[in-house]
Amino acid sequence: MKVSVLSEHLLISLLPWLIGAITGGGLGYAYALVARGLFFRFPGLRRASMLLPWRTVAMTLPLLSPYVVVLVGLGTVAGAIIVGLFVFLFAVPFTAVVLLEYWYPPPLVIRFIARARTLATASVAVAAVGPPVVGSGGAGVLIFREGWLLANYCQVLKGLAVVVLLSLIIDLLLGALQIMPSRAQKRPGPGKARLVNHATPMRWNDRPQGVCGPSQGGV
């Protein structure tokens, strides 16, 4: 019995993780290459791209995962699809962000704000999942108790709209805060340590050498 539970859990976790990571990572890599080309032609887009609310999309779409059960029914397949979609939704932006931060290293303060932005939007989504289970309120009651459990999709949409709106507001506000330090960035003076690799990657305000040509801190 224990072996069966373990093997089943591995099946619905590791296999979807592998598929989601490969497909999402590949799409994120392609997105990063396209973004790199656009940044070369329009350098101002680098700063504007920080406003993209991809965190809101990645954090809130999994709240619709119970709809998978409506389509395929209960069982291992539904569980594997939900896990795979979750991994895919995060693999796409995470891969793109890692590559773009490697090609265009931002200041440390921008990285801290970006991570805080991710945690803030995640907390909005998690608050719609965990607290309703233990008897708390919030939009999760509309989504799960009064929505999915009763097959009342109007309630699901109402609760989801609350979560998406709140997450989007927080996402954009912190995104605006994230842009501000990049405008005021100054080159470090003598004696100040710079955390760079041996290849000396480009500064935030440097232009890349080209989309297909060699660049500092290349692919």
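How many helices and strands does the secondary structure of the chain come to? In this predicted model, the secondary structure amounts to 10 helices and zero strands, and the order along the sequence is accordingly written as α-α-α-α-α-α-α-α-α-α. Of the 219 residues in the chain, 33% are buried. Among contacts with a separation of 6 or more, 75% are made by residues 24 or more positions apart.

Charged side chains were examined next. Side chains of opposite charge can pair when their charged atoms come close. A search of the whole structure returns two salt bridges. One of them is formed by Arg 115 and Glu 101, whose closest N and O atoms are 3.1 Å apart. The pair links distant parts of the chain, with Arg 115 placed in helix α7 (residues 108–126) and Glu 101 in helix α6 (residues 76–103), the two residues being 14 residues apart. With a relative accessibility of 41%, Arg 115 counts as partly exposed, whereas Glu 101, which has a relative accessible area of 18%, is buried; the latter assignment follows because buried means under 20% relative accessible area.

In the other salt bridge, the side chains of Asp 171 and Arg 117 meet at a distance of 2.5 Å, N to O. Asp 171 belongs to helix α10 (residues 153–183) and Arg 117 to helix α7, so this pair ties together parts of the chain that are 54 residues apart in sequence. Both Asp 171 and Arg 117 are buried. Helix α7 thus holds a residue of each pair, namely Arg 115 and Arg 117.

The nonpolar surface was considered separately. A nonpolar surface patch of about 880 Å² is made by Leu 6, Leu 10, Leu 11, Leu 14, Leu 15, Trp 17, Leu 18, Ile 19 and Ile 22. Helices α1 (2–11) and α2 (14–41) each supply at least two residues of this patch, and the most is given by α2, with six residues. Among the residues of the patch is Trp 17, which is located in helix α2 and which, at 47% relative accessibility, counts as partly exposed.

How values were computed:
Residues numbered from 1 in each chain as written. Predicted model: local features only at pLDDT ≥ 70, side-chain atom pairs only at ≥ 80, totals over all residues. Heavy atoms only, no water. Helix = DSSP H or I, 4+ residues; strand = E, 2+ residues; numbered from the N terminus. Buried < 20%, exposed > 50% of the residue type's maximum accessible area, 1.4 Å probe, protein only. Contact = heavy atoms within 4.5 Å. Salt bridge = Lys/Arg side-chain N within 4 Å of Asp/Glu carboxyl O. Patch = residues over 30% accessible without salt bridge, like charges linked within 9 Å, V, L, I, M, F, W, Y side chains within 5 Å. Areas by Shrake-Rupley, 256 points an atom, 1.4 Å probe, with all protein chains shown as cover.
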